[in-house]
Amino acid sequence: MIVIQNPARMRRRWLKRIHWGVLFGLMALIYGSHAPLIALTKNDDEVPFNPSSCVVMIELAKLLISLAAFVLSTGTSTPPPTLVLMAPYAVPAVLYALNNNLVVLMQGYMDPSSYQILSNLKIASTALLYSLFLGKRLRPVQWLALGLLMCACVCQTYSNLDLGDAERRAEAEQGPRLHITTWGLFLVLVYCFVSGLAAVYTEMVLKSQKLPLSLQNLYLYAFGVAINGFSSYFTTSENSFLEGYSGVVWIIIAGQVANGLLMSVVLKHGSGITRLFVISCSMLVNALLSWAILGLQLTPFFLLPVSLIGLAAHLYYRQ
């Protein structure tokens, strides 16, 4: 039997794919440029600004943009804000704040390279929680795709492990370069679980409430500003709140603001699994930008994670 497809439907389908492709590419570019841009701001291997204040500025900017978007939207009737309505949006802010502190705490129980490799377990935790809490049954080929995605991230992380020059390499050979304690392993597992839970819970809240996304972002970032502002107030730093801010720092803030708002679109209308692919692809963008901007060398091994991510995307999204 010959099936004739509607040209209008096909056009809408292709336009939707193009829109999602542009969104995906933009987010991967912003995510991947974050670390190289921070490296450009460093003086004597130290950032000249207060990282806590940077987080507060990002959350505040997202809050103001969400407020402006909500005010400018017309023809939308929304219920008045109540504690019951707003309370669910406090959970993601608490979870993300907890993870930010876990990242700092874990450094005392493992080396940075072990953290980078083991943190890729959040792909598995996010997929499990996504399937459990959102009731999304993943096909075996999709689980295989996510396994390949995790392997790709581990390979890319391993290829980025840099021992530096010959002297540093000789020093590293005198003692164990990679180390992790039992407590460190427990903390990294908690970190991966909380990371997945924050993403899945945020998606669940955004999709379960029939509210405009601008209003949902308003609630979400209001708690983000409050919690991060409270944390920043008690964070000791030699820098004042806006000390050390340069043009590059403001570019970093603008990029993270855009990425946060775009991610809410993905979680509202897409899925948290798409977020995993964005973050994975951003690692490749990070490597390319580090090569182009910072002069870091790429090896042929770089082609392995590229191939694995491409294969994983093909397997996961094929009909």
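Is Asn259 buried or exposed? Asn259 is buried, because its relative accessible area is 2%; buried means under 20% relative accessible area, exposed over 50%, and partly exposed in between, with a 1.4 Å probe and protein chains only. The structure is a predicted model, in which local features need pLDDT of at least 70 and side-chain atom pairs count only at pLDDT 80 or more, while totals for chains, interfaces and linings use all residues. Residues are numbered from 1 along each chain as its sequence is written, and side-chain values use heavy atoms, with hydrogens and water left out.

Asn259 belongs to helix α11, residues 247-269. Helices here are DSSP runs of H or I with at least four residues, strands are runs of E with at least two, and both are numbered from the N terminus. Leaving aside residues up to four places away in sequence, Asn259 touches Met27, Ile30 and Tyr31, where a contact means heavy atoms within 4.5 Å.

The protein chain as a whole has 13 helices and 0 strands. Of its 319 residues, 41% are buried. Taking contacts between residues at least 6 apart in sequence, 88% join residues at least 24 apart. The accessible surface of the chain is about 18100 Å², and carbon and sulfur atoms account for 66% of that; the areas come from the Shrake-Rupley method with a 1.4 Å probe, and for residues only the protein chains shown count as cover.

Charged side chains come next. The structure holds 2 salt bridges, each defined as a side-chain nitrogen of Lys or Arg within 4 Å of a carboxyl oxygen of Asp or Glu. In helix α2 (residues 51-72), Lys62 and Glu59 lie 3 residues apart, about one turn of the helix, and their side chains meet at 3.0 Å, N to O. Lys62 is buried because its relative accessible area is 8%, and Glu59 counts as buried at 13%.

Lys207 counts as partly exposed at 32% relative accessibility, whereas Glu203 is buried at 0%.

Finally, Arg12 in helix α1 (residues 7-41) counts as exposed because its relative accessibility is 54%.
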